[in-house]
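Good morning, colleagues. Please take a moment with the sequence and the structure before I describe selected parts of the fold.

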Amino acid sequence: MSPGRPPSIDSVQATAYSVPTPAPEADGTLSWDATTIVLAEARAGPVSGLGWTYADAACVPLIEGRLAAQVAGRPVLDVPAAWTAMRREIRNLGRPGLVSCAMSAVDVALWDAAARWLGVPVAGLLGRVHDRVDVYASGGFTSMSARSLIAQLEHWVHDRGIPRVKIKIGESWGTEVDRDLERVRLGRETAGENTAIYVDANGGYTVGQARRLIEPLRDQGVTWFEEPVSSDDLAGLSELRVPGGPDIAAGEYGYDLPYFARLVPVVDCLQIDVTRCGGFTEWRRAAAVAAAMGRDVSAHCAPNLSAHAGVATANFRHIEWFADHDRIEREFFESSLDPSGGTVSPDEAAPGLGLEFRRDAAARYRI
């Protein structure tokens, strides 16, 4: 699109889709059999922008009601102003949680529309720093049999050449520690010595349990211990940061800037989810908070959105290439990125997010 006078936002619409998982899945503290994605579409004259969040369908009326009313009529390029208007509008609704997820979907859609109007990638509009960024493959659910875990790891490492993998531990709220350690050992054996092994307990352990696991995990070469305890337990996270690692990571449940400011001092790497934190607009501020404390940031899930944020963030470590989201985004969006080889790079010639929504493919999942 050749820039002229920027159009105004005409409308924002939202739709929810529920996509079943291939089999029932679980981590240390939750189980599920489907993933809900809420898609926002912002229209501005001749362009349309896409954004989404992995959250409840309750986001749909919030997007089409309170949030759409705040952004309609604003110039398509004034995304930070639209974001500020949304934040002010939801003051009495409570920012953390679904409200922030809904804001995130709209904000991403507005950045996509703005970039499409200018004819540049979202990464370029944000200000690209890196040519490519690392990814790690993520899944390894506690519900998997040993055979299924081996097959998934072999696919990631040997078929797709991804040199970093993460599995879930903390099974049943930390009550199956022996099985957790056996799965880590199996992961190392399957992935090989040259593959980075990460683990995620989803807050399933007590501080004492997590502390006792540090040495066994080190013995298997684990370098990333995500949410060993609840991400709300700031003292516990801080206590588990020890010389020589593994790195303690948390942040995926960050919905506003004050949360990230509290968390940064007690982790080695701050996780940010662009579909929860408030979109690209709040991502940039959270990454700056981390940079001020000398911390890297890592993108939690939503890989095809996270790639644009990642290459535009100086203190960026990697993207969690989550199995469920990878499957959904490949089915829903034309030209989704391929993590094979362990890095990704958004297309510098494709405007916006570089994606086209496969409406027909998604239709059967609509709720």
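This is a predicted model: local features need pLDDT of at least 70, side-chain atom pairs count only at pLDDT 80 or more; totals for chains, interfaces and linings use all residues.

Let me begin with Trp283. Setting aside neighbours within four places in sequence, Trp283 contacts Ile272, Val274, Cys277, Val297, Ala299, Ala309, Thr313 and Phe316.

I turn next to the packing of helix 3, residues 98-118, against helix 2, residues 79-89. Their axes come within 10 Å and cross at roughly 165 degrees, which makes helix 2 roughly antiparallel to helix 3. The crossing is right-handed. On the helix 2 side, the contact is made by Val79, Ala82, Trp83, Met86 and Arg87; helix 3 contributes Met103, Val106, Asp107, Leu110, Trp111 and Ala114. Of the contact residues, nine are nonpolar, two are charged and none is polar.

Finally, I would draw attention to Tyr255, in the loop between strand 8 (247-250) and helix 10 (257-263). Is Tyr255 buried or exposed? Its relative accessible area is 17%, so Tyr255 is buried. Beyond its neighbours within four places in sequence, Tyr255 touches Arg95, Pro96, Gly97, Ser100, Cys101, Arg276 and Cys277. The C-alpha atoms of Tyr255 and Cys101 are separated by 7.8 Å, although the two residues are 154 residues apart along the chain.

Note on methods. Residues are numbered from 1 along each chain as its sequence is written. Side-chain values use heavy atoms; hydrogens and water are left out. Axes are lines fitted to C-alpha atoms, for helices over the stretch in contact, and angles run from 0 to 180 degrees between N-to-C directions. Helices (H or I, at least four residues) and strands (E, at least two) are DSSP runs, numbered from the N terminus. Angles under 35 degrees count as roughly parallel, over 145 as roughly antiparallel, 65 to 115 as roughly perpendicular and the rest as oblique. A crossing is left-handed if the near helix is turned anticlockwise from the far one by less than a right angle, and right-handed if clockwise. Contact means heavy atoms within 4.5 Å. Ala, Val, Leu, Ile, Met, Phe, Trp, Tyr, Cys and Pro count as nonpolar, Asp, Glu, Lys and Arg as charged, and the others, Gly among them, as polar. Buried means under 20% relative accessible area, exposed over 50%, partly exposed in between (1.4 Å probe, protein chains only).
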